[in-house]
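Hi,

Here is the structure for you to look over. My notes follow below.

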Amino acid sequence: MRALLLLALVGTASAAQAEHRLTGRDIETGAALYAGNCASCHGAELDGQPDWRSPGEDGVLPAPPHDASGHTWHHDTPMLLDYTLKGGQATLEALGVTGVKSGMPAFEETLSEDQVLDILAFIRSTWPERVQAAQSARTHAAD
C-alpha cells in the first residue's frame with residue numbers, strides 16, 4: 001500500500017541535517033504511519049483529493065497528492081516537517097504567506113518528529129529518482 005504525507009516548514013536543523021535525517025529511516029514504519037494518519041485525506045495511493053489546487057467553498061485547499069504529480073517534492077525537508085508537526089496554517093503564517101487557507105492539521109500531539117521523518121522518507125521513497133534529486137536540491141538550497 002502506498003501512502004504519503006504532507007508538508008512542513010523550516011525546522012531548527014539545517015537543510016543538510018534535515019536531508020540526512022531522511023537517510024536510513026524505517027520506510028515500512030513510515031508507510032504504516034502514513035496509512036493510519038495521512039491516507040484518509042491524502043489517499044492510500046498518495047493521490048490526494050480531487051481538485052486539490054482549487055479552494056473549496058470554505059476557501060480551504062483540499063489535501064494535495066504526495067506522489068510525483070503533487071507539489072510535496074517542491075518543498076524542502078524542514079518545511080515539510082514543520083507543516084506536518086505545526087499544521088499548515090501555522091506554518092504558512094510563520095512564513096508570511098497570506099491569502100491561502102490550509103486544512104492541514106497539526107500532528108505534534110499525535111506523532112513524534114521521528115515518526116514524521118519516517119513518513120516523509122516513505123513518501124519520498126515512492127518518487128522517481130529525478131524527483132528525489134530535485135527535492136534534495138531544494139533542501140540543500142534552503143541551507
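Helix α4 is mostly covered, with nine of its ten residues buried. Keep in mind that this is a predicted model.

The buried residues in α4 are Thr77, Pro78, Met79, Leu80, Leu81, Asp82, Tyr83, Thr84 and Leu85. Both ends of the helix have something to look at. Just after α4 comes Gly87, with a positive phi of about 95 degrees.

**The core**

The largest nonpolar core has 26 residues. Tyr34, Ile119 and Leu120 touch the most other members. Three helices each supply at least two residues of this core: α2 (27–37), α4 (77–86) and α6 (113–125). Of these, α6 gives the most, with seven residues.

**Leu61**

Now a strand residue. Leu61 lies in β1, which covers residues 60–61.

What does Leu61 contact, beyond its neighbours within four places in sequence? The list is Trp52, Arg53, Ser54, Pro55, Val100, Lys101 and Gly103. Asp51 is ten residues from Leu61 in sequence. In space, their C-alpha atoms are 8.7 Å apart.

Best wishes

Definitions and conventions
Residues numbered from 1 in each chain as written. Predicted model: local features only at pLDDT ≥ 70, side-chain atom pairs only at ≥ 80, totals over all residues. Heavy atoms only, no water. Helix = DSSP H or I, 4+ residues; strand = E, 2+ residues; numbered from the N terminus. Contact = heavy atoms within 4.5 Å. Core = buried A, V, L, I, M, F, W, Y, C linked by side-chain atoms within 4.5 Å. Buried < 20%, exposed > 50% of the residue type's maximum accessible area, 1.4 Å probe, protein only.
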